[in-house]
Amino acid sequence: MVLGSVPVKYRVTIDRDRCMECGRCIENCPYGTFRWEGDKITAVSRNCTACHRCIAMCPRDAIGLEERPVDYRSHPVWTVEAREAIFNQARTGRVILAGMGNAQPLPSIFDRLLLDACQVTNPSIDPLREPMELRTYIGKKPKRLEFSRTGAGDVELETKLTPNLMLETPIMIGHMSYGAISLNAQLALARAVHKTGTFMGTGEGGMHPNLYPYQDRLIVQVASGRFGVGIDYLERGAAIEIKIGQGAKPGIGGHLPGEKVCADVSCTRMIPLGSDAISPAPHHDIYSIEDLAQLVRSLKEATEWKKPVFVKIAAVHNAAAIAAGIARSGADAVVVDGFRGGTGAAPKVFRDHVGIPIEAAVSAVDAKLRDQGVRNEISVIASGGIRNSADVTKAIALGADAIYIGTAALVAMGCRVCGNCYRGLCPWGIATQRPDLVARLDPEKEAVHVANLIEAWTLEVSELMGAAGINAIESLRGNRDRLRGYMLDEGMLEVLDVLPAGA
Amino acid sequence: MCGIISVVDRSGAAMDGARIRDALAMMNERGSGEGAGYAVYGAYPEYAECYALHVFFDNIIETKAALDTLLETWGAIVHEEEIPTYEQPHLKKVHTPWRYFFRPDPSLMTGTPSPEEDIVTYLVMKVNTAIPGTLIYSSGKNIGVFKAAGWPEEVADFYRIQDYKGYIWLAHNRYPTNTRGWWGGAHPFNLLDWSVVHNGEITSYGTNRRYIESFGYKCTMFTDTEVVAYLVDLLARRHGLDEGLAVRALAPPFWDEIDGMPEREKNLYRAIRLTYGSAMMNGPFAIVVANRDGIVGFTDRIKLRPLVAAEEGDRLYISSEEAAIRRMAPELDRVWMPRAGEPVIGRVR
Ligand code: SF4
Ligand code: SF4
């Protein structure tokens, strides 16, 4: 039987009246969508990923792009997705890979949470005229302070605080490794966090020497593959993050294909040129919470207790209990990554079906930590599908100290969320190591875009706080009273500990 | 809205409640006739060693026996009586106010440095959440809170406030917004030695409540003021911050100010904000908190509610309005407007 190929996803058209045959589309499309046919340019729609690079670069606005011109017989259960996945797997016998975040049409809880604003009895605060404090400290806090009095009656602080990261805004950039993304992309992000007084993660790919000037704003990552991990690397970071799981692919490791491991990547990751970089699903020295506690301790010991240590887990059903264990491990922050988190490459079945929404996870983690009386001692960072400043504000009101963005920062640099990152051909120079493609991304310019995004969201968060009559982020954190659920079921409202709209 | 007034006599001399009744009524424009109340320190010298538990019973027959049994399990009832009240034309008596003079048995609460206080706190939380129709709203030694839904004069006359004497008085005239006007919702709010009167709204209530509940307190009165009493109890009694520092935890200086402080102070204030960030209160408020050693008044960090302080000899007054203070003491030595977040402290010598 002939399976044939699945219908094209997009149809690309060229408006002949407008096209001037300059050939830029050919040059710009790494997927080979355009080619010369005689003296005309034609489009091979099958190759298109809807990355929009050609459209952005066409000087004549001659290119048209439409989704799915061919319909299957409609069926409520056997969706197009379901059938195409079977065709593809029947042909290849492989796991289907996918990039970026969960592509299932699941409703967003964030969109069903409404923020509050003051009227009359409680004046709203104008952030343009009044101070608005978004400064956030990430790290362990004591449960209580101890004081003594000097002979002169002065109060002396006895408690010694452990090191914390000081953020000017609660918005950080999550871990995207050199390898998964290009060095130019990392440089742009690093400049942006430097400019905006926040931090970014290096991902599990080590730290390239070109990033050294920004190291005081970098959080280094220790993942199961231990790529690039050495004492020099640990000492360069402002903080260290142990990655246990990732929202896009809970329970599985990472895989960077050999083709992406160029000389520079191999050097930074400390692995042979062209070899596959495989992070195993588990850390081979962590099979229990006690093991994790030991690793936290060893990393602290190795860096002389000068750096906060974070632990990142994917949002899963048991995230709250795991976070409570992490809180007792000596870790300074727990990062919870929701099921909408992005990725360079993951099995599609994981990306789309494993994990839980960050809204529910943060809420449950915050509640559990409070229940056990340890919430105050550990910071909670939420990530995975944060799309705008309202999501940031809602995540904090649900209990996060700060958030990580990933995809949003990439979109600020040009990413069109085409979901083809795993192919290493990113037309925007982001998720690729091909030198000609990498060169398309200007780190200076994109740093400005990313910094603009962070600044714009920060301003919007201040406005939202001001409208709610709050002038310090501490008073927004875990403040469920400032949220109401709309069209959420009772069970979800209970998990979120949020009242329904109108209540 | 809401009007607050308080006075402390720093020499410890007793004042009767006649003048504070008039001063509170002076601010009737700040209220709506749905709640007023008074707290007096030094009210029960004859039972000074007992905890004075003031209770609202919805009805004596069904609920009182349960409370009696509970109290007798945890200690001894030294004396009990209905709080005398005097019918007022416009005040509807919906609860029966009762008082117990109670001596907890410290041997029943082990492993804590302050067993008696912990027993009383436990009882307040337990009764207010688990015995319907029973509300303990005042639980300090030698202290009494008297409150009801009505105008200040009515409530004062209902309890004959002028007959009580004390060295600290707190009073509150309520304009309820967040919750209906009910007896339990009237101020002052009290736990053990702590009493609070509050004008404003606490926008950080959600954060504060979740924070304080993780230390075992339970917020039962459906109002943001309650949480202030518990926060102060946590910071001042359990964590040992002095009044000044406790206020600095509740209404801390801005980061810009902290950054500009000398090293030692900077470290101190930074540590307070980091550790007690969830206790920090936001929104418009003016608050006076009292305990047996004195009073402290403060506002939110940008002073969205008024607060005036004044002195006359040994007496320190804090109120929403100068006119109210002048009603108590027409001739004042000094009147000033405290800055946003700056505590005004009146300590008994
Ligand atoms: S970039 Fe636009 S104008 Fe140039 S060849 Fe392609 S379609 Fe034609
Ligand atoms: S990073 Fe590049 S390849 Fe990945 S989704 Fe964005 S545009 Fe597509």
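Ring pairs join F56(B), Y137(B), F146(B), F158(B), Y159(B), Y164(B) and W183(B) into a cluster. Rings of Phe, Tyr and Trp (its six-membered ring) pair if their centres lie within 6.5 Å; planes under 30 degrees apart are stacked, over 60 edge-to-face, the rest tilted.

A word on the basis. This is a predicted model, where local features need pLDDT of at least 70, side-chain atom pairs count only at pLDDT 80 or more, and totals for chains, interfaces and linings use all residues. Residues are numbered from 1 along each chain as its sequence is written, chains are lettered from A and ligands numbered from 1 in the order in which they are written, and side-chain values use heavy atoms, without hydrogens and water.

Over all chains, the search finds 14 aromatic pairs. Take F56(B) and Y137(B): centres 3.9 Å apart, planes at 20°, so they are stacked. F56(B) lies in strand β4 (residues 51-57) of chain B and Y137(B) in strand β7 (residues 134-138), 81 residues apart. Strands here are DSSP runs (E, at least two residues), helices likewise (H or I, at least four), numbered from the N terminus.

F56(B) has 1% relative accessibility, so it counts as buried. Buried means under 20% relative accessible area, exposed over 50%, partly exposed in between (1.4 Å probe, protein chains only). Y137(B), also at 1%, is buried.

Next, F158(B) and W183(B). This pair is edge-to-face, 5.8 Å centre to centre with 85° between the planes. F158(B) sits in helix α4 (residues 152-159) of chain B. W183(B) is in the loop between β10 (168-173) and β11 (189-191). Both F158(B) and W183(B) are buried.
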